[in-house]
Amino acid sequence: YQRRVRDGGQSKSQAAAKMITQIFPDAESKGYDLMIPMPGHHVKNDKEKLEVKVRHDQLEKLIQEHDIIFLLTDSRESRWLPTLLGMVHDKLVINSALGFDTFVVMRHGLPKKEQQKAEGSRLGCYFCNDVVAPRDSLTDRTLDQQCTVTRPGLSFISSALAVELAVTTLTHPLGAHAPAEEKKDLSDKTSTDLGIVPHQVRGYMTHYQNLIITGHYYDRCVACSDYVITEFKKRGYDFVYDVLTDPVHLEDVTGISQMKQDSLDIEWDVEDDVFESI
């Protein structure tokens, strides 16, 4: 607040970067003002398409240059491109999402390396439970519908857990490729000196409870599936542009559209005597 309002109205990212150096002077910290390209947020003309490409390229460059990506954004669609880029560039992505009195902190799974394939199934990402592409969830929505209203301590709790999850993951011999661990008794041995390396922590402030959950990779995921990664590697920003313009393109690429159509085409053949017996 002091730097943003009292000291010249700096942007949030720049103010935060300077505060980090005050806490730890040896830190190399820089703030960027960047609007993440998002599915469903349409590009209106060629000029805007070029501007969005500049933002896309800057985001990809930043992700390539860093080891850990923290996703702390306010909407579902804003997490899509960083999730995809983190997967493409084999980065540890830590995701934190808030509801009014709930939160989830998770690490995104990465494609398994050859020597790891015997160690359990691949972990999922934030989008792996979905069968719809992310869309514009901000336009014409009230603040509470945009998930910006939360209980006062929730962001601090989830942020602290996100940092601990990142650090614990890095201490595991397999790093970002570490398999998920389930909840253990306090007397059980853990895989790292700092403790277990879970996949997800889901918190419920109403009951002051945290649950350790493992979510598996979905082979038609709109953010991390092989279909999407292959399409991005083949077409790059042109693929991203198509998704920004029409999010359903993701469902077409992954086969979800066809799966939905197939479910509508199912014919049910039920014998009359079944209903008579009921």
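What is the volume of the second largest pocket? The volume of the second largest pocket is about 340 Å³.

The structure shown is a predicted model, in which local features need pLDDT of at least 70, side-chain atom pairs count only at pLDDT 80 or more, and totals for chains, interfaces and linings use all residues. Residues are numbered from 1 along each chain as its sequence is written, and side-chain values use heavy atoms, with hydrogens and water left out.

**View 1. Lining of the second largest pocket.** On a 1 Å grid over the protein atoms alone, a pocket is an open set of points with protein on both sides within 12 Å along at least five of seven lines, and lining residues have an atom within 4 Å of a point. Of the 14 lining residues, Leu 161, Ile 196, Pro 198, Val 201 and Ile 212 are the closest to the centre of this pocket. Helix α5 (154–171) and strand β5 (209–213) each supply at least two lining residues (DSSP runs, H or I of at least four residues for helices and E of at least two for strands, numbered from the N terminus). The largest share, four residues, comes from α5. By class, the lining has eight nonpolar, three polar and three charged residues (Ala, Val, Leu, Ile, Met, Phe, Trp, Tyr, Cys and Pro count as nonpolar, Asp, Glu, Lys and Arg as charged, and the others, Gly among them, as polar).

**View 2. The largest cavity.** The structure holds one cavity of 30 Å³ or more (a set of grid points where a 1.4 Å probe fits but cannot get out). About 70 Å³ of space lies in the largest cavity. Its lining divides into five nonpolar, three polar and three charged residues, including Arg 107, Lys 112, Arg 122 and His 177.

**View 3. Packing of α4 against α7.** The axes of α4 (residues 80–88) and α7 (residues 237–245) come within 12 Å and cross at roughly 155° (lines fitted to C-alpha atoms over the stretch in contact, with angles from 0 to 180 degrees between N-to-C directions). The two helices are therefore roughly antiparallel (angles over 145 degrees). Trp 80, Leu 81 and Leu 84 in α4 meet Phe 239, Val 240 and Val 243 in α7 (heavy atoms within 4.5 Å). The residues of this contact divide into six nonpolar, no polar and no charged.

How values were computed
Angles under 35 degrees count as roughly parallel, over 145 as roughly antiparallel, 65 to 115 as roughly perpendicular and the rest as oblique. Grid points are joined across faces, edges and corners, and a volume is the space filled by probe spheres set on the points.
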